[in-house]
Each structure stands twice: as C-alpha cells, then as structure tokens.
Amino acid sequence: MATLIVNPKQLYGYEQLQKDLAKLETTYQGLLSTQIIGKSVDHRNIYAVKLGNGKSEIFLNGAHHAREWLTTSLLMNMIDVYCKAYVEEESIGEFDVRNILDNTTIWFVPMVNPDGVELVQKGHENAKNPEFLLELNDGQRDFSSWKANIRGVDLNRQYPADWGNIADDVGQPAPMMFKGNSPLSEPETKAVYEFTLAHDFKLAVAYHSSGEELFWKYNATGQLLKTARKLADKIVEKTGYDLVFPGDNPSGGGYTDWFIDSLKRPAFTPEISPLVGPRPVPLSNYDKIWQDNKEIGLLLAAEIGKKYVT
Ligand SMILES: [Zn+2]
C-alpha cells in the first residue's frame, strides 16, 4: 500500500515542494520524473513533473501569481493521489487512472513563481534585493497580497498574446499588474514558454485563485471555440465554476491567452476558491477546492483521447 506523500493543508512553499518532489520521484520511479526547466530571478528552480508514459501530452501549471500558492498545493495533491491510484490500480470517480496515464502523459509545473511564493510566505528579508521590494510595497512588511515575481512583473501579463494592448498596465514594477518592459522579459515566463513550445500539448490549464470562475474562451473561433466550450462544460460539471464570457476584445498576456491564440488549442484558467480578496486563499477552503478539482487532470487527459479534440 502506498501512502500519500503530499500534505496540501499547510503553508506550502518552495522547500516543501522540493522535498515532496524528491520523495515522489523515488517512490514512483518509472511513472513520475522531474526536471528543471529554468531558474527564477533569485535562482530558484522551476520544476516540471512528468506523470505517466502516454504518447499524448497535456500540461497543468500553478502559482504564476505569488499569493495564489494554494494552486501549487492542489497540483501536488493531484500528482500524489494519481500516482497512488496508478500503482494500486484504482479508479478516481469514473476515471481508470492506469488506463488514462498509459495513454496520456500529464505534465505539471506546480510553482511557476517560486520567488514570489517565498516572498508572500516569508517576507522580503531572504530575497536578493530586499530594499527594492520594501520600496515597491510602500514600506509595508506584509507581502501577503503580492502577485508579481520578485522584480515586480506580473507573470500572467507577460505572454505574447496581444501584449501591446493589455488593459490597466501600471507602467513600472509593482506588486501586481505590471506587464514588464517586453513580453517574456522574465526568466519564469520564458522558461514556461519554451517548455511549452518544446512539447506537443493538446491542451493546457493554468490554475489561479480566486472566484470560482473558468476562463476558457479568449479569442477562440470556429472548431477551436466549439471544442473549448465542450471541455469547459465538462470542467464546470465537476467544479460548478462560472464560465467567463470576455466580450470582443479581451485583454491578453496571460498564459492560456497565448496558448489558445498561438497554438490554436484549448486552454483553461480555473480560479479556485470563492472570492477571498487580495490575499492567499485560507486553508479552510481547501477541502472544497480539492473536491471540485481532484478529477480535472484525469478528466482532461481522458478527453484528449476522444476524437473531437485535435
Ligand atoms: Zn492569478
């Protein structure tokens, strides 16, 4: 009997991520492996996790935004539970885990913004440029509402999808909303971008918090729009989240905006948890988040085996 390795109901930071990844990799050799796809501004590793040995690939990532680190816990919990079910030949809901992961590999980047997560959880003092951070934060030592990376660039406004027209850019480094001086100027987004292009992901999911909403559309049209809607409806069936209809000129720059726009394949941004305002989602919300989302990786991996996803 395998035991679970990841405890998602704790302050989940970079060191915990490293410990858990090392344990998972030893425990599930042949099923799971990790690699480093880049380094953050402060030289932390950006990890990718490969789960399964299927020919098709999908991609789930979390914590583009610093304060949204509970998305890392969620993805790590998923990885752990899927591995255990695989070796024990168990199903999760209606999903036969072994069958799915033998056909489809799920790739994860559970923590895109490790410096930001550490800043939110531990403050500015162990950052490489603490004075600069204090200044950006108006002298406040509480960094719990921070979204950007460690040099004040919002990593979900960095991708080359109508980047020039992103709404409400603040024009200079800030705790949130600054799109940077050019697309992919930050090592974290560059790493995720290049990692994506090096693969053939049939679809992608970028987890954020909060609001219990699902972004799914961006500028998709034609068959892509139809496929995206079909998959979005399936995610909504599990999560109960509200579909977002952005109108004719949605602001771009987000990871899934770029994925949809540039790769012409479906991509989804679920906002986990009821709305909590500018702070991390409290751990007390985790049980519902897990119930809503535990099957999503398997659901999407299973769906891409079906004919309507191209
Ligand atoms: Zn976010």
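Contact here means heavy atoms within 4.5 Å. Keep that in mind, and we can walk through this protein together. What you see is a predicted model, in which local features need pLDDT of at least 70 and side-chain atom pairs count only at pLDDT 80 or more, while totals for chains, interfaces and linings use all residues. Residues are numbered from 1 along each chain as its sequence is written, and side-chain values use heavy atoms, with hydrogens and water left out.

Let us start with the whole molecule. Its secondary structure comes to ten helices and ten strands; helices (H or I, at least four residues) and strands (E, at least two) are DSSP runs, numbered from the N terminus. The C-alpha trace spans about 55 × 45 × 35 Å along its principal axes. For 310 residues, a compact globule would have a radius of gyration near 19 Å, and the protein agrees with this because its own value is 18 Å. That radius is taken over C-alpha atoms, and the globule rule is 2.2 Å times the number of residues to the power 0.38.

How much of the protein is buried? Of the 310 residues, 58% count as buried. The word buried means under 20% relative accessible area, exposed means over 50%, and partly exposed lies in between (1.4 Å probe, protein chains only). The accessible surface comes to about 12600 Å², and 46% of this belongs to carbon and sulfur atoms. Such areas come from the Shrake-Rupley method with a 1.4 Å probe; for residues, only the protein chains shown count as cover.

Contacts also tell you how the chain folds back on itself. Among those between residues at least 6 apart in sequence, 77% join residues at least 24 apart. Ile-37 and Val-192 are 155 residues apart in sequence, yet their C-alpha atoms are 7.5 Å apart in space. Setting aside neighbours within four places in sequence, Ile-37 is in contact with Ile-46, Ala-48, Val-109, Ala-191, Val-192 and Phe-195. Ile-37 is classed as buried because its relative accessible area is 18%.

Now find helix α2 (residues 70-87), where Lys-84 lies. Is Lys-84 buried or exposed? At 18% relative accessibility, Lys-84 counts as buried. Leaving out neighbours within four places in sequence, Lys-84 is in contact with Ala-2, Thr-3, Leu-4 and Tyr-28.

Residues up to four places away in sequence aside, Arg-141 touches His-124, Glu-125 and Leu-134. The side chains of Arg-141 and Glu-125 are joined by a polar contact of 3.1 Å. A polar contact is a pair of N or O atoms within 3.5 Å; within protein, one must be able to donate a hydrogen and the other to accept it, and residues adjacent in sequence count only if both atoms are side-chain atoms.

Asn-149 lies in the loop between α5 and α6 as well. With 0% relative accessibility, Asn-149 counts as buried. Its side chain reaches the backbone nitrogen of Arg-151 at 3.1 Å. Not counting residues up to four places away in sequence, Asn-149 touches Val-41, Asn-113, Leu-155, Glu-186 and Glu-188. Asp-168, too, has its place in the loop between α5 and α6. Although Asp-168 is not a glycine, its phi is positive, about 60°. Asp-168 is exposed, with a relative accessible area of 58%.

Where else is there a positive phi in a residue other than glycine? Lys-264 has one, near 55°. Lys-264 is found in the loop between α8 (255-263) and β10 (267-272), and at 53% relative accessibility Lys-264 counts as exposed.

A cis peptide bond, with omega about 10°, joins Ser-209 and Ser-210. Ser-210 lies in the loop between β7 (201-209) and β8 (213-215).
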